[in-house]
Amino acid sequence: MGARIAARIATRIAAASAVLGAGAVLGLVGALAAKGGTVPFRAAGVVFAGGWPWAGVLMWGAAAVLFGAPLGVLGNLARNPGVAGLPFRLLVPLTAFCETSMRLGAEAAAGPVATAVRSTVRVLAVLAAVTLAGHTAWRWRRPADTG
């Protein structure tokens with residue numbers, strides 16, 4: 001019994017260490033890529049370094065504790081098939097579109113690479129929303145299988 005508990009604790013410690021390590025690697029990749037002189041490196045720097053404002057303030061940790069459960073409920077509701085879950089599935093592309101739109105306005109002097117990356121994210125968010133809505137409509141309108 002004690003060995004199983006120790007194994008569970010070791011597994012959880014390993015999982016937490018892996019997540020923290022992956023976050024540190026992504027943070028370093030973003031910072032190092034931004035130093036690169038070519039456009040692909042600068043674009044990767046914009047993508048990977050975009051999370052730093054979310055990761056650095058104590059306020060965001062408190063917000064995560066406060067909003068974690070309600071957002072988990074919304075994520076679970078997004079799993080509902082058909083039209084009932086569509087508004088919840090559309091929250092991710094809507095958030096991506098709004099967040100990048102605000103960044104474009106705030107970081108106007110960030111340069112053409114950052115503007116291109118943010119504009120690409122906005123286009124992809126719209127495409128994802130249209131795809132989600134189209135898939136839901138297609139499944140809703142399709143006659144049920146009578147197998």
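**Entry 1: α1 against α2**

I started with helix α1 (residues 2-35) and α2 in this predicted model. Their axes come within 7 Å and cross at roughly 145 degrees. I checked the hand too: α1 and α2 make a left-handed crossing.

On the α1 side I have Leu-26, Val-29, Gly-30, Ala-33 and Ala-34. They meet Phe-41, Arg-42, Ala-44, Gly-45, Phe-48 and Ala-49 in α2. Sorting this contact by class, I get 8 nonpolar residues, 2 polar and 1 charged.

**Entry 2: α2 against α7**

I then followed α2 (residues 39-49) over to α7. Here the angle is about 60 degrees, with the axes 9 Å apart. The two helices are therefore oblique to each other. I noted a right-handed crossing for α2 and α7.

Which residues of α2 meet α7? I found Val-39, Arg-42, Ala-43, Val-46 and Val-47. Their partners in α7 are Val-113, Ala-114, Val-117 and Arg-118.

**Entry 3: α6 against α7**

Helix α6 (residues 91-106) was next on my list. I read its axis as coming within 8 Å of the α7 axis, with a crossing at roughly 160 degrees. Angles over 145 count as roughly antiparallel, so α6 and α7 go down as roughly antiparallel to each other. The crossing is left-handed.

From α6 I listed Pro-93, Ala-96, Phe-97, Thr-100, Ser-101, Arg-103 and Leu-104. On the α7 side the list includes Thr-115, Arg-118, Ser-119, Val-121 and Arg-122. Further along α7 I also have Ala-125, Val-126, Ala-128, Ala-129 and Leu-132. By class, I get 10 nonpolar, 4 polar and 3 charged residues for the contact of α6 with α7.

**Entry 4: the largest pocket**

The largest pocket holds about 160 Å³. What lines it? I wrote down Pro-81, Gly-82, Arg-89, Leu-132, His-135, Thr-136, Arg-139 and Trp-140.

Which helix gives the largest share of that lining? I traced 5 of the residues to α7 (residues 112-141). The lining divides into 3 nonpolar, 3 polar and 2 charged residues.

Technical notes: Residues are numbered from 1 along each chain as its sequence is written. This is a predicted model: local features need pLDDT of at least 70, side-chain atom pairs count only at pLDDT 80 or more; totals for chains, interfaces and linings use all residues. Side-chain values use heavy atoms; hydrogens and water are left out. On a 1 Å grid over the protein atoms alone, a cavity is a set of points where a 1.4 Å probe fits but cannot get out, and a pocket is an open set with protein on both sides within 12 Å along at least five of seven lines; lining residues have an atom within 4 Å of a point. Grid points are joined across faces, edges and corners, and a volume is the space filled by probe spheres set on the points. Helices (H or I, at least four residues) and strands (E, at least two) are DSSP runs, numbered from the N terminus. Ala, Val, Leu, Ile, Met, Phe, Trp, Tyr, Cys and Pro count as nonpolar, Asp, Glu, Lys and Arg as charged, and the others, Gly among them, as polar. Axes are lines fitted to C-alpha atoms, for helices over the stretch in contact, and angles run from 0 to 180 degrees between N-to-C directions. Angles under 35 degrees count as roughly parallel, over 145 as roughly antiparallel, 65 to 115 as roughly perpendicular and the rest as oblique. A crossing is left-handed if the near helix is turned anticlockwise from the far one by less than a right angle, and right-handed if clockwise. Contact means heavy atoms within 4.5 Å.
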